[in-house]
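Dear colleague,

Please find below the sequence and structure we discussed. My notes on selected parts of the fold follow.

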Amino acid sequence: MNEQQFRRHRRLRRTASMRKIVRETYLHKEDFIYPIFVKEGTNIKNEVPSMPGVYQWSLDRLEDEVNDVVRLGIESIILFGVPAEKDEVGSSAYDHNGIVQQATRQIKEKHPELTVIADTCLCQFTDHGHCGVVHDGEIINDESLSLLAKTAVSQAEAGADIIAPSNMMDGFVAAIRQGLDEAGFENIPIMSYAVKYASAFYGPFRDAAHSSPKSGDRKTYQMDPANRLEALREAQSDVDEGADFLIVKPALSYLDIIRDVKERHPYPIVAYNVSGEYSMIKGAAQNGWINEKEVVLEKLTSMKRAGADLILTYFAKDVAKWLEEK
Ligand code: PBG
């Protein structure tokens with residue numbers, strides 16, 4: 001056989017240098033958003049049992065974690081609050097002195113250059129654990145919107161650079177955009193959880209954030225994992241309502257959706273590499289069954305290859321270290 005009959009693809013894989021120059025996808029530390037759990041109380045650095053290497057931090061100890069992030073060259077973090085008190089309407093989500101608001105002020109004071117993203121949801125703050133207001137077991141859409149807008153405004157007042165609403169109520173981007181604009185925060189972007197599936201991969205996060213619903217599930221507001229067209233409708237309405245970034249969540253089982261959204265919308269696309277995806281790798285690595293570093297780099301690269309511009313991941317610090325080593 002000769003060149004006429006088949007093509008020699010292996011030519012471009014012959015040396016390490018050759019492989020590098022034809023490589024299509026690279027990871028940069030600027031691609032990563034690192035999640036931090038901030039918990040009310042003092043002297044807390046609790047490792048989340050189902051997420052080895054991930055901690056809940058009280059404000060007096062948070063500085064260590066933030067310094068680490070900054071030193072590693074990560075540009076952005078997202079804050080999840082774990083409040084001391086919960087009630088029916090999630091008041092501590094929009095309290096001026098809520099845990100996320102306090103953490104944001106504290107971080108921005110010391111690190112004004114770090115981009116601080118506030119997750120905007122009610123589920124960690126409500127006693128029933130749902131992402132909206134509940135009456136007779138039903139999650140009430142429109143009543144929830146004003147509370148979400150209030151939460152976003154109080155987070156912006158505290159200094160949040162980006163608002164990231166994750167609640168999946170219909171119209172939340174429009175309501176939050178209007179709330180921010182009316183309060184004079186027209187320059188604060190919305191990173192919308194545009195496509196968020198009702199996923200079993202959120203299990204470890206709910207341990208970390210104490211946010212499991214007390215009864216029922218989230219299937220009347222989060223999406224059915226079987227649906228693709230619905231994802232396109234969800235993304236479209238968030239774009240129409242004024243979202244600046246679009247999140248697809250989870251990431252790994254939804255690479256097709258990341259690609260679909262990227263192809264249709266000229267906005268930064270964010271893949272959320274969720275807690276369960278993190279814990280699976282950690283668990284297997286702790287058993288010595290896989291090579292953690294190689295698996296993580298492969299997996300995050302596949303998210304970028306699928307079309308993600310940014311990746312929200314609990315591995316952000318590890319990856320930043322590995323990229324430095326290279
Ligand atoms: C809150 C929220 C959740 C996650 C991010 N924001 C949990 C949920 O919807 O139940 C999950 C993140 C993860 O699993 O890493 N609505």
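Predicted model: local features only at pLDDT ≥ 70, side-chain atom pairs only at ≥ 80, totals over all residues.

The crossing of α4 past α5 is right-handed.

On the α4 side, the contact is made by Leu-145, Leu-148, Ala-149, Ala-152, Val-153 and Ala-156. These residues meet Phe-172, Ala-175, Ile-176, Gly-179 and Leu-180 of α5. By type, the residues of this contact comprise 10 nonpolar and 1 polar, with no charged residue.

Strand β8, residues 162-165, is covered on both faces. Ile-162 and Ala-164 are buried on one side, and Ile-163 and Pro-165 are buried on the other. Strand β5, residues 115-120, runs parallel to β8 and is joined to it by 4 bridges. Within this pairing, Thr-120 is placed opposite Pro-165 of β8.

The last item concerns Thr-313, which lies in strand β12, residues 310-313. Is Thr-313 buried or exposed? Thr-313 counts as buried because its relative accessibility is 0%, and the cut-off for buried is under 20%. Leaving aside residues up to four places away in sequence, Thr-313 touches Phe-32, Ile-33, Tyr-34 and Pro-35, as well as Asn-273 and Leu-300.

With kind regards

Definitions and conventions
Residues numbered from 1 in each chain as written. Heavy atoms only, no water. Buried < 20%, exposed > 50% of the residue type's maximum accessible area, 1.4 Å probe, protein only. Helix = DSSP H or I, 4+ residues; strand = E, 2+ residues; numbered from the N terminus. Pairing = 2+ DSSP bridges. Left-handed = near helix turned anticlockwise from the far one by under 90°. Contact = heavy atoms within 4.5 Å. Nonpolar A, V, L, I, M, F, W, Y, C, P; charged D, E, K, R; others polar.
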